[in-house]
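This report is an introduction for a reader who is meeting the structure for the first time.

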Amino acid sequence: MDPKYLLIEDFMSHSRTEIDFTLFDSALIVGQDKANPRESNGVGKSVIYHAIKYAILGTYPTSVVDKIVRDGTEGCKVTFDFGLDSRMFRIERSRRKNKTNLTLREQIDGKWCDQNSVKDQKTATETHDELLKLIKINGIAFDNAVLFSQNDLNGLASAKSPDERKVILKDAVGLSFYKKLEEMVK
């Protein structure tokens with residue numbers, strides 16, 4: 001998956017944030033509060049990652065889904081464009097009045113199709129299932145492949161031995177299943 005563009009609207013601490021991923025290959029997000037670089041906690045750095053994960057996987061960093069909607073607003077929306085196998089896709093996931101909406105569009109001849117164009121989905125659940133088939137990655141793999149979070153001591157970077165790293169990578173890319181099959185065959 002090759003990220004191209006992100007638009008966050010009224011999602012948690014962000015009122016409106018746009019990121020054009022075509023301008024860089026990787027990023028280190030540094031935040032500051034009250035123009036003081038020593039105060040960077042709680043300014044919305046992680047929310048950018050959570051918004052992307054919400055768009056792609058439908059997960060959110062809170063136990064109550066409505067808490068993702070920015071205080072004082074009626075809904076939120078995350079738009080994420082990405083390339084995959086020379087095709088361009090747009091995910092739009094929004095939350096308004098206790099309802100989540102999801103669209104998945106493909107860019108054809110420079111225009112985004114008006115309907116879910118990957119397959120003929122009728123519900124957000126069907127669209128979500130098609131999206132997962134398309135991207136072929138789970139939440140664990142996404143977390144380990146994309147984010148090195150501040151104070152995260154549980155990931156690949158903190159593994160002390162090659163065996164620990166193997167376990168983390170196998171879980172991340174879903175290879176544990178094949179180990180079970182191998183043991184069954186033996």
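## The chain as a whole

In the protein chain, residues 24 or more positions apart account for 51% of the contacts with a separation of 6 or more. The model is a predicted one, and of the 186 residues in its protein chain, 33% count as buried.

The secondary structure of the protein chain comes to five helices and six strands. Read from the N terminus on, these elements follow the order β-β-α-β-β-β-β-α-α-α-α.

## The sheet

Six strands make up an open sheet with antiparallel pairing, and their order across this sheet is β2-β1-β3-β4-β5-β6. The edge strands are β2, which covers residues 14–20, and β6, which covers residues 111–112, and each of them pairs on one side only. As a general point, the strands of a sheet pair through backbone hydrogen bonds, and this pairing is either parallel or antiparallel.

Helix α2, formed by residues 124–135, lies across β3, β4 (87–96) and β5 (99–108), and it runs at about 50 degrees to β5.

## Strand β3 and its neighbours

Strand β3 is mostly covered, since nine of its ten residues are buried. Strand β1 (residues 2–11) pairs with strand β3 (residues 75–84) in the antiparallel sense, over seven bridges, and leucine 6 stands opposite phenylalanine 80 in β3.

Strands β3 and β4 also pair in the antiparallel sense, in this case over ten bridges, and valine 78 is found opposite arginine 93 in β4. The two strands β3 and β4 form a hairpin with two residues between them, and in the turn aspartate 85 has a positive phi of about 50 degrees.

## The aromatic rings

A search of the whole structure finds five aromatic pairs. In one of these pairs, the rings of phenylalanine 21 and phenylalanine 24 have their centres 5.8 Å apart and their planes at 65 degrees, and because an angle over 60 degrees counts as edge-to-face, this pair is described in that way.

Phenylalanine 82 and phenylalanine 89 form an aromatic pair that is stacked, with 5.6 Å from centre to centre and 25 degrees between the planes. Phenylalanine 82 is buried, and phenylalanine 89 is buried as well. Ring pairs link Phe21, Phe24, Phe80, Phe82 and Phe89 into a cluster, and one member of this cluster, Phe80, is the residue that leucine 6 stands opposite in β3.

## Charged side chains

Arginine 93, the residue of β4 that stands opposite valine 78, lies over the face of tyrosine 54, at 5.8 Å from the ring centre.

Glutamate 106 is found in strand β5, and with a relative accessible area of 13% glutamate 106 counts as buried, because this value is under 20%. A polar contact of 2.8 Å joins the side chain of glutamate 106 to the side chain of arginine 87.

Note on methods. Residues numbered from 1 in each chain as written. Predicted model: local features only at pLDDT ≥ 70, side-chain atom pairs only at ≥ 80, totals over all residues. Heavy atoms only, no water. Pairing = 2+ DSSP bridges. Helix = DSSP H or I, 4+ residues; strand = E, 2+ residues; numbered from the N terminus. Contact = heavy atoms within 4.5 Å. Axes fitted to C-alpha atoms, helices over the stretch in contact; angles between N-to-C directions. Phe/Tyr/Trp six-rings, centres within 6.5 Å; stacked < 30°, edge-to-face > 60°. Buried < 20%, exposed > 50% of the residue type's maximum accessible area, 1.4 Å probe, protein only. Lys NZ or Arg CZ within 6 Å of the ring centre and 35° of its normal. Polar contact = N/O pair within 3.5 Å; in protein donor to acceptor, adjacent residues only side chain to side chain.
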